[in-house]
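Hi everyone, thanks for coming. Let's have a look at this one together; please bring it up on your screens.

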Amino acid sequence: MRPEFAAINFEDHNKAAGNLARLEEQLPPTLLAPLASLLAPSPDPDGALNLLERYAESTPPEVLGELARHPAALSYLIAIFGYSAYLAETLLAEPQLPLQFARDRNFTKLKSKEDLMQDFARFSTTNPDPWLAALLARFKRRNYLRIVLKDVLGLSTLGETTLELSTLADVILTDAYLYCDREMEKRYGQPQYRDAQGRIARAGFSIVSLGKLGGNELNYNSDIDLLFLYSHDGETAGGSERESISTNKEYFVRLAHAITRTITQATSQGEVFRVDLRLRPEGEMGDLAISLNSAREYYEHRARDWELQMLIKARHSAGEARLTRDFLRGVEEYVYRSPGDFVAVESILLSRERISKKLRESRGHAIDVKRHRGGIRDIEFLVQCLQRLHGLHDHWVRSGGTLFALRKLNDKSWLSNRDFAALTSAYEFLRKVEHRIQMDAGQQTHRLPTDPHALDRLGRRTGMEPGPDERPGEALLRQVRHSFGVVDEIYQRVIHPAAVAAAEPGVAFELRPAPIFLPDSGRQSLASLLGFLDVQAPETARLVREAGLPESARRNTIRLLSALAGAPERFAPAHVKPSSLRRALEVAGVSTYLTELLVHHPEDMEFLESMDGPPVDGAAPGQLEMSLHATSMPEAYPWASGSEMDLREKMATLRRQYRARLLELATADLAHGGPAFRMLRRWTSNAARCIASAEAIALTSWMHEETSTGGEDVPFIILGMGRLGLGEFDLASDADLVFVAGSEAKREDLEHWTRLAEKTIEVLASYTRDGTLFPVDTRLRPRGQEGELVVTLDELLHYIRTDAKAWELLTYLKAHPLAGNLQLAGSAAEQLPEAIYDRFSTYQGIESEIRQMRRRLERAVTVPSTNTKSAPGGYYDVEFTVSYLRLRRGVAAPAGANMAEQIAALRSAEAITAEDAAVLTEGAGFLRSVDHILRLVTGRAPAGLPENTVDADTAHDLARRWGLLAEGQTLAGRLSETQQRLRTVYSKLVDRD
């Protein structure tokens, strides 16, 4: 055996040596070294090597030769051979598939339904087969290979894997429906009815998915639970056969039979899917297809509770989407109609007992990760229980997918952070184990193998890291049992709190489960909450009473305290540090947004304790202020480029750092106010440092794969645009970014920089357990969404000088380098203004175009007159005036200069009078202050002054506290006066026609 293979942990070294000897005669020599490196981490190197030999024996030499030119294809082969003997048969039958995957640039893409519909259209054209079932089975098997490869290679998450499996099933159902419906219509004609106006119309048909498919959580070997609906009774128009007119019901029942038969027929590739229709109304005794009215009537009057429960996961899969939507809206109130008396919970428990009985009656002693106590099914039951309890009044928690539902329940504090993290972790792990079991043999099973060697292989396939003297299978069993225990503890505590409380005596400080206090219940609800705290935590109750909160703060106060009282771990920060709670109550009196932030992250209350005064500009611990020098950029956090944490840990840490600083800034601004541009400079610094850190995190991850370039010398920068480039970033702002590579970069190098840019966007904008940072918008790059994500500096400058539109010139005036190569940043900051002025000087009619553009913005969207941005006299008037004058007079300003600093630059260049400069500066500061207040209060970009009385009063009080209003002056009145003054200056300097 060659030396590079000797260290591989083969179970049968003699057999492996024989396989390798034969492979050396068949494979190109250049593949042997990478083969060793691929087999070493394989969970089943013996099986992979044996299957590879079979593949080499049956594959034409020219295909084997191509493997040397596409090494990724070999990695795909070893991955499938090491994880799935079932799917390996497809590669043995179609040996060119790995090469096709290796050449496919969209291989790693998460494919939408539209993508897969197009793929099937191409597939059916290039692989014609008159037997639709066989064609669909081959298409499914080929896509399963792609999805499994992405799964085992770590290129997709559990959610992405199950979503793509579910989307593939939707596509197959859609194609089967379209084909069968065409054939049925030829024989019987269109199914028809008369609408409300007496006109003849075609009756609709839809396929509603339930269970795993309905929740977009399909396994590799799941049954699909379906319900067939049609819209109206009537009769068909008649077709090609004699006596072909039938009732619509007969037509759609036949159609349902045809679709079911198509996807359940046995083919050489196996059946497409196993279909379970027993969840339809009346079960096996019911009609295969049911009308919309009959379905509504059944679920309103006759459906059993478990039948209503299963509708939580119902969604549209194929056919007429509007029909499914009407059905789901019609039955929704019945699904969530018993949320407060635990009847729904008890019925769920009865169903659970039936499942447990089924488990006990099963043969053998193998552990079932789905049905075992604390297993997958318990998590799903628990989630559905909480959804039914809270879904009537809280529509947010209604969701079909288990992981998504867990997140929503946690968002609204129906599930504590600890329980959410534990359930999510257990669910993802147990589903991963289930997937690895099913992908091996292609069978619907959820049981761990009892054979020790098979269990070890499963442990390796699941990524177990055994301890000293521990086999992978033993590590797997340990982790599975731990997950069962964690889940069962939460299940019993949430579903049977009384039993748990009786079994476990109280400790020194322990909150009993708090009742639900609805904010809409007003004084009575607050009094009840304080009564609860009088018993549980009297010091806290006294602190709340002494706070003297205004009436307008009641709702937020109830929301915050109810969430804290819901679990001991949530209440601990408030109990241990009363000063933090006092500050949190002050925040709750002003900002609904910050209240929600504290509800979701009570541990962040500690950041409020130190905010006794306004933050020093740029001097938060570890927080660097942005400079106005073009070659100075914010520093990334030191840990961002270190190796102590993996990518996920770094993303979580970055989100916590951003959230902590955001909370500090927001709390300080609410308490102290100050000049708008100074406050926004601090918010911009926070965002900019996170962007620099995200680039460092992405670069560190990227450098593990790309070794041809150095670290800090990578000719790559990120330009901040819009509010970010102006230094006026705010709460609920998008981050407008443009990615630029050095002009020396070759065309093929841009692929590398593009991956770095994509990774940076992922670090910033992807949604994780710790939330997200802020949305990233890259549409301001040359040619928008049609342009390349990364452009070279020369390409950017050329585009500005020759093709940029008027609005793009105004946009690029705000460009400010935020991260990347310092030298390239300096070059960009120096050359961008020159290119902009060059373009302006040769752009015929640009002044008129700028004026027309401002008018179009006013007319394009109807906004309230109190809109601080686009209404006449809004911030757009300031921006257009200042940018227009800068272009017209060639006035430079440092990169990152805010609007007040740009106005000062115009005044220094005598491009504007002192009086007009004063109006613009004061007006811009006031508009930004009002906008900032509204964002702090509501947590979103405002359309205008609030119509909600509480928010309007809060905003008015803050404006007065910040010194924005004179005695007796209203916020709306001051805003109107400012807008009029700004519009006058804009009309005089820009819109002179």
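So, how many salt bridges does a search of the whole structure find? The search finds 59. By salt bridge I mean a side-chain nitrogen of Lys or Arg within 4 Å of a carboxyl oxygen of Asp or Glu.

A quick word on what you are looking at. This is a predicted model, where local features need pLDDT of at least 70 and side-chain atom pairs count only at pLDDT 80 or more, while totals for chains, interfaces and linings use all residues. Residues are numbered from 1 along each chain as its sequence is written, and side-chain values use heavy atoms, leaving out hydrogens and water.

Now for some of those pairs. D456 forms a salt bridge with R471, and their closest N and O atoms are 2.3 Å apart. D456 sits in helix α21 (residues 452–461) and R471 in the loop between α21 and α22 (472–495), 15 residues apart. Helices here are DSSP runs of H or I with at least four residues, strands are runs of E with at least two, and both are numbered from the N terminus.

Are these two buried or exposed? D456 is buried, at 7% relative accessible area, whereas R471 is partly exposed, at 36%. Buried means under 20% relative accessible area, exposed means over 50%, and partly exposed is in between, with a 1.4 Å probe and protein chains only.

Next, R928 and E728 form a salt bridge with closest N and O atoms 2.8 Å apart. R928 lies in helix α40 (residues 914–938) and E728 in the loop between α32 (722–726) and β10 (735–741), so this pair ties together parts 200 residues apart in sequence. Both partners are buried: R928 has 7% relative accessible area, and E728 has 0%.

There is also a network of salt bridges, linking R418, D419, E489 and R493.

Let's move to a sheet. What is the order of its three strands? The order is β2-β1-β5, in an open sheet with antiparallel pairing; two strands pair if DSSP finds at least two bridges between them. β2 (200–202) and β5 (235–236) are at the edges with a single partner strand each, so one side of each has no neighbour in the sheet. Strand β1 (residues 191–194) pairs with β5 over two bridges, and Q192 stands opposite E235 in β5.

Finally, R199 forms a salt bridge with D195, with the closest N and O atoms 3.2 Å apart. Thanks, everyone!
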